[in-house]
Amino acid sequence: MARADTPLTAAAFASRLKALHAGPRIAVAFSGGADSLALLILASQWAAKSRNRYVIAYTVDHGLRKASAAEARQCAAVAKSLGVTHRILRWKGDKPSSGIQAAARDARYDLLVKACQRDKITTYLTAHHLEDQAETFLLRLARGSGVDGLAAMSATSQPESGLRRLRPFLDVPRETLRAVVARAGLSAIEDPSNDNPRFDRVKVRRLMSDLASIGLTPARLADTAAHMSRARKALEAATRDVLKSSVVEPVGFIHIDIAVLLASPEEIALRALAEILETVGGTHYAPRFEGLSAIYAALGADALGKARTLNGCRLVVTRGRLYVTREVSVAMRAVPVAVRRRVARLWDERFTVMLDRDLPLSAAPHEIRALGPEGLRIVRAAGCPEPAGPKSVLPTLPALWQGKRLVAAPHVAYRDGPVGFAVHFLSGGSFPSP
């Protein structure tokens with residue numbers, strides 16, 4: 001086994017990218033620190049091996065320290081010296097007084113996504129390494145995370161944005177990356193916040209040497225995270241099997257046989273319920289566990305009652321099946337989506353919508369928003385056919401409006417004029433196609 005202070009070679013890095021199916025065009029999240037500098041050095045060497053390869057580096061200037069702008073310019077100079085295209089992304093606007101690290105992380109991700117979309121990049125790399133993985137495991141353990149949280153970071157992920165995020169160094173020690181920088185004869189920029197003891201991650205980092213003395217080395221902790229990751233994948237596979245019995249309706253609700261849920265292990269049933277609620281609720285996070293477990297217990301005791309709400313959804317039991325629909329009040333609060341051209345747009349995080357033709361420039365503004373009670377009154381007065389299912393679903397459906405005028409509602413075959421739109425419910429990969 002190579003020593004920790006032996007630098008990773010360009011060939012070894014190229015093999016890692018090949019295993020992760022990185023593709024020929026990648027972006028590097030480059031802070032200027034030693035870890036991301038090592039990543040940029042190796043990425044530049046990888047790109048130099050083929051004219052078909054392209055690397056761009058993004059540095060986020062959070063504007064949280066006076067020196068940040070100068071450091072971003074320094075990053076640009078380093079990238080230029082390595083022959084890498086570079087862009088500075090600035091976090092503008094007011095900054096929170098608390099939870100600053102989490103807010104900065106979210107802002108950084110949003111800026112990276114938008115930059116990659118603009119530059120037609122589908123994959124970006126971060127320099128998270130072995131010690132980062134161990135620290136993440138301990139932080140999540142301290143917060144009481146279950147299997148999913150303790151699985152920590154994965155080498156590859158594809159969030160809702162569709163942008164692939166790769167972490168090629170998760171099993172690489174920090175010293176190995178610093179050796180890459182030393183071999184290149186470059187100097188890293190050290191962020192003083194990385195040593196600020198008021199941050200939990202810094203506190204954990206300072207405990208690592210003591211933990212290693214009893215065998216809890218970064219490698220051992222990362223191995224445990226890998227075990228948890230395998231367990232999570234097995235649970236996800238079992239959950240998908242249960243969800244295959246669910247019925248996904250094109251109008252945006254899901255129903256499932258309660259007996260199938262209750263016959264499953266509790267963990268699997270809870271996961272299936274959570275995924276249904278995330279999908280119908282249009283959220284990217286699981287419902288609170290207390291509410292989720294209360295729903296599960298009520299189903300087991302046949303005590304759900306007339307209806308319950310959770311995660312922006314309404315849950316009703318009918319003839320042995322659990323129906324999960326969007327809450328009308330929540331759908332009514334969904335942000336309207338202005339439309340003019342024949343381009344796919346996302347509404348309420350649940351439906352993709354697209355006009356069937358471009359609107360003329362002279363046309364008054366059109367937007368997608370919920371059909372609502374007023375739209376429902378209009379389509380019923382017009383005698384439009386209503387889709388099967390709970391009647392509470394109808395006001396939650398997307399409709400095309402021009403001010404107070406209802407222009408189109410495809411789920412009920414309503415159209416007032418030449419312009420309509422196509423609509424598709426985003427049910428995700430775990431469910432049968434609606």
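Q: Is T217 buried, partly exposed or exposed?
A: This is a predicted model, in which local features need pLDDT of at least 70, side-chain atom pairs count only at pLDDT 80 or more, and totals for chains, interfaces and linings use all residues. Residues are numbered from 1 along each chain as its sequence is written, and side-chain values use heavy atoms, without hydrogens and water. Buried means under 20% relative accessible area and exposed over 50%, with partly exposed in between (1.4 Å probe, protein chains only). T217 has 29% relative accessibility, so this residue counts as partly exposed.

Q: Between which helices does the loop with T217 lie?
A: Helices are DSSP runs (H or I, at least four residues) and strands likewise (E, at least two), numbered from the N terminus. The loop that holds T217 runs between α8 (200-212) and α9.

Q: At what angle do α5 and α9 pack?
A: Axes are lines fitted to C-alpha atoms, for helices over the stretch in contact, and angles run from 0 to 180 degrees between N-to-C directions. The axes of α5 (residues 130-142) and α9 (residues 218-243) are 8 Å apart, and the angle is about 65°.

Q: Which residue in β3 is the bridge partner of Y58?
A: Two strands pair if DSSP finds at least two bridges between them. Strand β2 (residues 54-61) pairs with β3 in the parallel sense over six bridges. For Y58, the partner in β3 is R87.

Q: Which are the edge strands of the open sheet of six strands?
A: The sheet has mixed pairing and the order β3-β2-β1-β4-β6-β5. Each edge strand pairs on one side only, and these are β3 (85-90) and β5 (156-157).
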